[in-house]
Amino acid sequence: MRSEFLKKVSVLVAAGAMAACGGGDSGGGDPGGDAGGGEAPAAAQVDPATVGTISGTINFAGDSPAPTAIDMSAEADCAAGYGPDGPMSNNVIAANGRLANVFVHLTGVSGGPAPSGSVQLDQENCRYMPHVLGVQVGQNIEITNSDDLLHNINASPTENRGFNISQPRAGITSNQSFPLAEVMVPVRCDVHGWMQAYIGVVDHPYFGVSGPDGSFTIPNVPAGTYTAEAWHEAYGAMSGSVTVTAGGTATLSFDYSSDMAGAHVPLGEPLVIRHGEHGIEVHRGAQD
Amino acid sequence: MRSGTLLKTIATFLLVGAAGLVAQENENGRVLYDRWCAECHGAEGLGDGSAAASMLPRPRTFSQARYQVRTTGSGQLPTDDDLMHVLNVGLPGTTMPGWPNLSDQQKRDVIEYIKSFSRFFAAGPAPEPLDFGSDPGGGPEALAAGAQAYLTLECEACHGAAGRGNGTSAPTLEDWRGFPIRAADLTEAWALNGGSSVNDIHTRVLTGLDGTPMPAAIDAMNSGVVSPDEVWQLAHYVASMGPRERPRLREVVRVERASEGLPQDGSDEAWGDIEAFFFPLAGQVIEVPRNFAPTVDGIWVEGVHDGSEMAFRVQWNDPSRSPDSEWDEWQAKILATMDLDGFEAPALDSTGAVTVRWPDAIRLQFPFEVPDGAERPYFLGGTTRQPVYLWTWSSNDGVGEGRGRGYGSVEPLPGELQGTAEWQDGRWTLYLRRPIAAGADGLTFSEGVPIPVAFSAWDGSSGETDKRAGVSSWYYVLLEQEPSNAVVVTPLIAILLTGAFGLVLVRRAQGRARA
């Protein structure tokens with residue numbers, strides 16, 4: 001009885017943490033907002049007296065890039081799911097001085113085993129929902145197809161093994177996970193060249209994804225000073241520092257700008273084993 | 001946190017140490033690899049050898065251990081047997097040959113060395129093949145069910161309705177490194193890199209081809225969209241889409257004498273009774289700019305005559321009906337990533353769009369005179385002293401006749417050659433017709449005498465123009481005589497001898513060009 005009770009309590013705490021995190025993403029709650037980390041995981045047991053919250057903002061200076069129309073004429077069923085403006089890309093969303101789809105995670109921290117809940121990645125009207133998501137090492141990613149047509153989900157990580165699975169009908173589900181941390185794992189649909197998603201894999205629950213209003217929330221962070229890294233597919237990566245106090249809310253902001261378009265965007269860091277003249281050396285770095 | 005980092009560091013040391021041990025023990029593998037593999041795959045297994053940029057698809061990057069031909073699940077490592085199979089037979093349709101010159105032990109050494117480029121082999125458990133079940137068998141009903149599965153799994157999105165690699169998504173396909181890659185032409189099963197048997201195809205459908213857009217259909221099967229039997233039937237259907245083996249090369253197009261009238265166009269049912277002859281094309285690699293990866297790898301030729309006129313039907317597979325703006329992205333990627341050997345690709349405009357779209361084209365080449373014996377003009381477009389007589393066709397300009405004095409030089413000639421072409425489902429059908437007797441300039445064909453012919457083809461959407469072509473060596477057309485064909489026996493022997501000689505010459509020239 002006692003152990004069952006404890007289990008229930010810990011589940012409730014975990015559920016509460018998830019709800020809190022979902023609340024953090026609620027800024028991105030409108031249907032056009034595609035950013036978000038899904039059900040962001042939380043450590044199994046959290047003592048509220050030792051943790052705080054990171055409340056962050058991704059600023060964007062300069063001219064916002066114009067929304068990009070997608071030519072979906074080849075898939076009328078998908079195109080029909082959009083309003084009079086037609087299908088628009090959800091990849092790069094910058095408006096009102098804020099930038100969406102930025103993956104933020106703490107570095108140099110580890111956070112216990114992956115939660116049992118799955119992170120969702122959906123394919124809806126020939127776009128990935130969400131476009132950027134975070135997941136813990138070993139955590140299940142439930143990939144579903146809401147479109148009644150062929151998608152393939154082609155993940156090309158470099159630290160982890162990839163996969164490339166077809167889902168030719170609505171309702172098919174594939175379950176995948178990554179055993180190693182990797183920021184980010186690119187995912188694409190080769191049938192629809194415009195479909196791209198990015199999965200940030202970290203070995204702790206301290207991450208978030210900015211919504212259309214540029215905000216993100218990372219709850220239940222143990223008190224301490226951390227380095228946080230931000231990643232965006234078009235404007236690159238940057239890092240910052242944040243100090244979390246128990247019971248407090250720390251603010252963290254990253255300043256992106258239109259000048260950073262075309263920046264180097266790190267994608268994983270493949271470990272290359274080189275066979276040099278003097279035996280083997282390990283070389284880290286982009287290989288292509 | 002610190003202890004985590006420390007653990008990682010220790011683990012890395014252990015890993016590298018173990019790999020170092022393997023490498024020391026595998027000096028044989030290294031020597032063989034450096035000698036035979038590094039030119040394409042790169043000294044460090046990064047798929048970036050000196051010849052890599054002239055290849056489509058690109059050579060494998062061993063450091064990532066993404067292998068196309070496996071018996072293991074999507075994203076899994078291949079088994080040693082999988083790798084041994086590829087070393088034994090190569091990857092058809094690519095530049096990867098089989099290695100019969102290596103002993104089994106040497107191949108095992110190479111495999112160990114290749115595996116040492118990637119940390120994945122050392123890190124994980126030994127990969128296990130999937131359970132592929134058993135083939136319920138072929139037959140007409142199985143083929144019909146397989147055709148349905150082809151639709152259900154939407155194979156046509158990339159491979160096209162007829163399987164010629166011309167699906168809607170084909171122009172945008174790229175491999176995991178961003179290099180352009182073709183959807184396989186399923187009607188040329190002999191060029192499927194994983195093999196042409198029903199078993200091979202079934203395995204590829206369920207495992208996918210890692211590193212390429214070809215996904216694994218295993219989740220679709222496990223969720224009941226198609227049954228395990230239907231996946232086997234799909235494999236039977238795909239294997240039935242074209243000849244399993246590369247068509248036998250027969251040197252001579254026998255131009256039959258028509259019993260009643262010539263076919264009126266390329267779709268005339270009369271062609272059904274006429275034998276088709278297959279001729280392989282290879283990249284033009286003699287003159288700069290060379291083309292190492294031509295789109296068109298072979299053409300089919302049929303001919304018939306009635307004593308005063310002759311008609312030919314020439315067919316070849318080309319997934320793009322050039323010029324076609326749908327293939328702009330493909331063309332731009334080809335020109336940006338392939339070794340163009342000095343070909344100056346036209347610049348893109350400010351929006352990144354292509355500014356030039358080339359047509360598809362084909363050329364039939366003859367001498368101006370029926371040769372006396374084995375002497376023929378230079379096979380690659382003739383020379384100033386010994387020009388060639390050309391039948392030309394392009395999707396922009398239709399048919400014409402010309403005089404060639406070297407490859408790339410065509411002086412138009414007036415003539416009576418007529419022709420029409422139609423592109424359907426990834427295949428061009430060109431109908432040609434001309435009086436047997438030429439006008440002022442051109443070749444008058446003679447019945448019963450073998451007449452040299454050579455072929456060239458261009459796929460405009462892959463940036464093929466001018467010398468960037470697919471070419472053949474000399475072959476022959478032979479207009480059948482009315483009563484008896486006993487007269488042709490001696491010339492046929494001569495043909496076979498000179499044909500073999502020509503082939504050796506071309507191979508040598510190609511070998512030199514590559515070296």
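User: Which residues have the most contacts inside the largest nonpolar core?
Analyst: This is a predicted model, where local features need pLDDT of at least 70, side-chain atom pairs count only at pLDDT 80 or more, and totals for chains, interfaces and linings use all residues. Residues are numbered from 1 along each chain as written, and chains are lettered from A and ligands numbered from 1 in written order. A nonpolar core joins buried Ala, Val, Leu, Ile, Met, Phe, Trp, Tyr and Cys through C-beta atoms within 7 Å; buried means 20 or more other C-beta atoms within 10 Å, with C-beta atoms placed from the backbone. The largest core has 97 residues, and the most contacts inside it belong to A:Val102, A:Phe103, A:Ile199, B:Val231 and B:Ala235.

User: Which helix gives the largest share of this core?
Analyst: Helices are DSSP runs (H or I, at least four residues), numbered from the N terminus. The largest share is 7 residues, from chain B residues 228-239, helix H11.

User: How many residues does the other core have?
Analyst: The other core lies apart from the largest one. Among its members are B:Val388, B:Leu443, B:Trp474 and B:Leu478, and its size is 48 residues.

User: What arc holds the buried residues of H12(B)?
Analyst: In helix H12 (residues 328-337) of chain B, B:Trp330, B:Gln331, B:Lys333 and B:Ile334 are buried. They line one face of the helix, because the directions from the helix axis to their C-beta atoms fall within an arc of 165°.

Conventions. Buried ≥ 20, exposed ≤ 12 C-beta atoms within 10 Å, placed from the backbone. Helix = DSSP H or I, 4+ residues; strand = E, 2+ residues; numbered from the N terminus.
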